[in-house]
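Work through these exercises with the sequence and the model side by side. Try each task before you read its solution.

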Amino acid sequence: MSEIKIYALDTNVLIHDPNALFNFEEHEVLIPMVVLEELDKLKVGTTPLAADCRQAVRTIDRIIGDASPTDVIRGVPIPRLDGGHQGKLSILMPHGEAAAGGTLQAHVNDNKIINDLLHLQGRYQARKVVLVTKDINMRLKARGCGLDAEDYHNDQLITDIDRLNKGYITVEGDFWDAMESQGHIDIDGQKQQKIPRAHLDNLIGTEYFPCQFIVDERDFIGRIVAVEPDTVTLELFNEGILMRQKAWGLNPRDAFQAMAMRLLLDPEIDLVSLNGPAGSGKTILALACALEQTVETKLYKRIVATRSTRGLDEDIGFLPGTETDKMAPWLGAFTDNLEALHAEDYDPNSSEHYVGANMPLHFKSMNFVRGRSFQHTLLIVDEAQNLTPHQIKTIITRAGEGTKVVCLGNLAQIDTPYLGPTSSGLTYMTERFKSFEFGGSLSLLGVARSRLAAYAEQYL
């Protein structure tokens with residue numbers, strides 16, 4: 001059995017994942033009193049952050065239950081559903097005594113936590129005390145004081161963003177030539193083709209998933225529909241077929257946009273994740289396909305658009321007007337793209353007015369999405385890279401019968417503190433859903449917005 005460590009959790013860890021307490025196996029989990037005080041201050045309100053704080057406090061209370069104060073100090077067993085080794089949860093009282101290695105000035109809570117842990121480390125020199133925080137600067141300060149510190153990695157499924165599922169696999173040369181060389185002779189004229197799994201494994205490796213595309217250098221594009229023990233079913237396309245797609249008058253500009261549009265227009269796909277640089281066409285593709293399926297084909301009854309924006313949850317209550325009026329400044333990307341879709345109309349203003357009057361488009365604040373259940377809705381989540389894994393879960397679980405969720409984001413532009421490309425909710429969702437046969441993801445390449453935007457994306 002490995003050495004039992006003491007892991008002290010910072011406030012941002014419990015906000016990032018309110019169930020983090022259950023993820024430290026047989027080790028002891030420590031909650032500094034300062035952390036409880038911070039959670040108490042942040043728990044009031046209707047914001048997602050306040051909801052996460054309340055859930056974290058309820059989780060701590062559920063574990064401690066009716067334990068006596070002495071038991072709380074010694075450690076209360078943490079129940080584990082999988083029957084694994086059981087750790088303990090305890091609360092660390094603040095200490096005014098100086099730690100052996102010196103102390104930081106106790107004018108900020110981070111310093112108070114570090115000082116208390118240094119004091120604890122001095123008392124239990126045989127035990128390893130580790131501070132777990134998503135604050136890089138706090139980790140640096142802790143290490144500078146001689147205290148072990150690390151990031152919270154439990155919901156980080158990949159360590160290198162380059163390993164993120166891109167949604168497509170590139171094959172050198174001609175796909176059918178490669179199949180023929182292995183004894184698989186040409187296609188039979190059907191839209192879907194079963195390929196021996198062993199042949200595909202030899203060509204692209206063994207790691208592939210439903211809804212991934214296979215692209216060769218000769219304009220072949222196929223989408224994996226089903227993966228069975230002996231065969232893989234491919235839906236057959238070519239670049240010309242996909243480039244002729246049209247949604248609300250919009251044609252794709254490259255093969256990547258064409259593959260994304262295929263996912264967006266497929267009624268069998270419940271979840272679409274699009275990641276790409278600014279100007280790659282994520283929002284205009286999602287909006288055009290949403291209009292096509294809501295106004296024209298009536299596949300969905302309404303479009304709900306939301307986004308994660310710092311300050312939005314606090315500011316919306318003080319802005320004048322309806323919820324739509326309050327959300328409008330934050331969702332300008334949608335109105336800008338609506339103008340772009342009708343820029344070449346005979347009377348653009350009349351077209352936009354017609355769409356606005358007939359399109360059931362609703363702008364919703366993120367904190368008002370929580371607790372809802374959307375039926376027969378196309379839900380567009382913009383700026384999804386700024387969501388934590390827990391927040392992305394609360395949104396996707398809002399999807400009811402006949403609802404499609406489209407998550408858009410740029411992992412190179414994360415504005416939320418304590419999140420990075422590998423710990424973003426968008427990354428977490430992409431990896432978790434890569435085996436889901438009714439969900440697809442795609443990383444767009446290139447910038448179609450303008451030559452200026454393309455140059456800036458590459459060189460700035």
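A cavity is a set of grid points where a 1.4 Å probe fits but cannot get out. Keep that in mind for the first exercise. The model is predicted.

**Exercise 1. Find the largest cavity and describe its lining.**

Step 1. Start with the count. There are three cavities of 30 Å³ or more.

Step 2. Take the largest cavity. Its volume is about 100 Å³.

Step 3. List the lining. The largest cavity is lined by 15 residues, and F433, K434, G439, G440 and S441 lie nearest its centre.

Step 4. Assign the lining to elements. Those that give two or more residues are β12 (271–275), α18 and β17 (439–443). With three residues, β17 gives the most.

Step 5. Sort the lining by class. Six residues are nonpolar, eight are polar and one is charged.

**Exercise 2. Describe the largest nonpolar core, then follow L442 out of it.**

Step 1. Get the size. The largest nonpolar core has 42 residues.

Step 2. Pick out the residues with the most contacts inside this core. They are I221, M259, L291, L341, I380 and L442.

Step 3. Trace the core to its elements. Two or more residues come from each of β9 (213–215), α10 (255–265), β12, α11 (282–296), β13 (302–307), α14 (332–341), β15 (377–382) and β16. The largest share, nine residues, comes from α11.

Step 4. Look around L442. Leaving out residues up to four places away in sequence, L442 touches K166, G167, Y168, F213, F256, M259, A260, L263, S273, L274 and N275.

Step 5. Look for another core. Apart from the largest one lies a core of 41 residues, with A8, V132, A142 and A149 among them.

**Exercise 3. Decide whether helices α10 and α17 are largely enclosed.**

Step 1. Recall the cut-off. Buried means under 20% relative accessible area.

Step 2. Apply it to α10. A255, Q257, A258, M259, A260, M261, L263 and L264 are buried.

Step 3. Draw the conclusion for α10. Eight of its eleven residues are buried, so α10 is largely enclosed by the rest of the structure.

Step 4. Check the start of α10. There, a side-chain oxygen of D254 reaches to within 3.1 Å of the backbone nitrogen of F256.

Step 5. Turn to α17, residues 389–396. P389, H390, Q391, I392, T394, I395 and I396 are buried.

Step 6. Draw the conclusion for α17. Seven of its eight residues are buried, so α17 is also largely enclosed by the rest of the structure.

**Exercise 4. Is T422 buried or exposed, and what does it touch?**

Step 1. Locate T422. It lies in the loop between β16 (404–409) and α18 (425–432).

Step 2. Read its accessibility. The relative accessible area of T422 is 17%, so T422 is buried.

Step 3. Find its neighbours. Beyond residues up to four places away in sequence, T422 touches Q156, I158, T159, D160, I161 and T427.

Step 4. A polar contact of 3.4 Å joins its side chain to that of T422.

**Exercise 5. Describe the backbone and the setting of E25 and H376.**

Step 1. Check phi for E25. It is positive, about 50°, although E25 is not a glycine.

Step 2. With a relative accessible area of 48%, E25 is partly exposed.

Step 3. Check phi for H376. It is positive, about 50°, although H376 is not a glycine.

Step 4. At 30% relative accessibility, H376 counts as partly exposed.

Note on methods: Residues are numbered from 1 along each chain as its sequence is written. This is a predicted model: local features need pLDDT of at least 70, side-chain atom pairs count only at pLDDT 80 or more; totals for chains, interfaces and linings use all residues. Side-chain values use heavy atoms; hydrogens and water are left out. Buried means under 20% relative accessible area, exposed over 50%, partly exposed in between (1.4 Å probe, protein chains only). Helices (H or I, at least four residues) and strands (E, at least two) are DSSP runs, numbered from the N terminus. A polar contact is a pair of N or O atoms within 3.5 Å; within protein, one must be able to donate a hydrogen and the other to accept it, and residues adjacent in sequence count only if both atoms are side-chain atoms. Contact means heavy atoms within 4.5 Å. On a 1 Å grid over the protein atoms alone, a cavity is a set of points where a 1.4 Å probe fits but cannot get out, and a pocket is an open set with protein on both sides within 12 Å along at least five of seven lines; lining residues have an atom within 4 Å of a point. Grid points are joined across faces, edges and corners, and a volume is the space filled by probe spheres set on the points. Ala, Val, Leu, Ile, Met, Phe, Trp, Tyr, Cys and Pro count as nonpolar, Asp, Glu, Lys and Arg as charged, and the others, Gly among them, as polar. A nonpolar core is a set of buried Ala, Val, Leu, Ile, Met, Phe, Trp, Tyr and Cys residues joined through side-chain atoms within 4.5 Å.
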